[in-house]
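Okay, thanks for making time, everyone. I'd like to walk you through one protein model today, so let me put it on the screen.

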Amino acid sequence: MQEDTIRLLTECHSGAQMGVSSIDEVLPSVRDSELARLLRSSRHEHEVLGDEAESLLADYHRDGTAPSPIAKGMAWMKTSLKLSMDPGDDTVAGLITDGCHMGVKSLQESLNDCSGAEPRAVEITKRLIQLEDELAENLRTYL
């Protein structure tokens, strides 16, 4: 049970950090004020959930884990390339939507694999999945 909880919280912390990082990368390119507000709000919620996961990890004397440098590097390259070729809010929305879908997939797989995790870890994971789903849905009008 403890190992499943730690693995799930680690995935949540890393996923939340990846969300914050991705939003930070695209925000300077956003032109529409409502899109910028939506992204800043989601960024804040990602930070809150990441902090909650990190706090629970501390109960197990573990630190949060940053996203893998390879994943961050590849995401940065994709973002930079796409925005240099086609700057615009539709490109930003597409990039973040793709990231949300990858995040949901990864988090759901972890949730399924860590069936013995404590309810607090499961709840944070489900909230992060819901946040990613809602963000992707809210971005549809910008695609």
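So, let me start with a question: among contacts in the protein chain between residues at least 6 apart in sequence, what percentage join residues at least 24 apart? It's 82%, and contact here means heavy atoms within 4.5 Å.

Quick housekeeping before I go on. This is a predicted model, where local features need pLDDT of at least 70 and side-chain atom pairs count only at pLDDT 80 or more, while totals for chains, interfaces and linings use all residues. Residues are numbered from 1 along each chain as its sequence is written, and side-chain values use heavy atoms, with hydrogens and water left out.

We've got 5 helices and 0 strands in the protein chain, so going from the N terminus you simply read α-α-α-α-α, where helices (H or I, at least four residues) and strands (E, at least two) are DSSP runs numbered from the N terminus. Along the principal axes, the C-alpha atoms fill a box of roughly 45 × 25 × 20 Å. The radius of gyration is 15 Å, which agrees with the value near 15 Å for a compact globule of 143 residues; that's taken over C-alpha atoms, and the globule rule is 2.2 Å times the number of residues to the power 0.38.

Of the 143 residues, 43% count as buried. By buried I mean under 20% relative accessible area, with exposed over 50% and partly exposed in between (1.4 Å probe, protein chains only).

Charges, briefly. There are 14 positive and 26 negative side chains, and the centres of the two sets lie 2 Å apart. Lys and Arg count as positive, Asp and Glu as negative, and His and the chain ends are not counted. The place of a charge is NZ of Lys, CZ of Arg, CG of Asp or CD of Glu.

Now for helix α2, residues 33-59. Its 27 residues should span 39 Å at 1.5 Å a residue, and the end C-alpha atoms are 40 Å apart, which agrees; the expected span is 1.5 Å times one less than the number of residues. Buried residues in α2 include Leu 35, Leu 38, Ser 42, His 46, Leu 49 and Gly 50. And what covers the buried residues of α2? The cover includes α1 (2-26), α4 (89-113) and α5 (119-139).

Let's zoom in on His 46, in α2. This one is buried, with a relative accessible area of 1%. Skipping residues up to four places away in sequence, His 46 touches Ala 16, Gly 19, Val 20, Ile 23, Leu 128, Leu 131, Glu 132 and Leu 135.

Two of those partners are worth a stop. Beyond four places in sequence, Glu 132 touches His 46, Gly 99, Cys 100, Gly 103 and Val 104. From Glu 132 to Ser 42 you have 90 residues in sequence, yet 8.6 Å in space, C-alpha to C-alpha.

Outside four places in sequence, Leu 131 is in contact with Ser 42, Glu 45, His 46 and Leu 49.

Last stop: His 61, in the loop between α2 and α3 (69-85). His 61 is exposed, with a relative accessible area of 75%. What about its phi? Phi of His 61 is near 60°, a positive value in a residue other than glycine. For context, most residues other than glycine have a negative phi.
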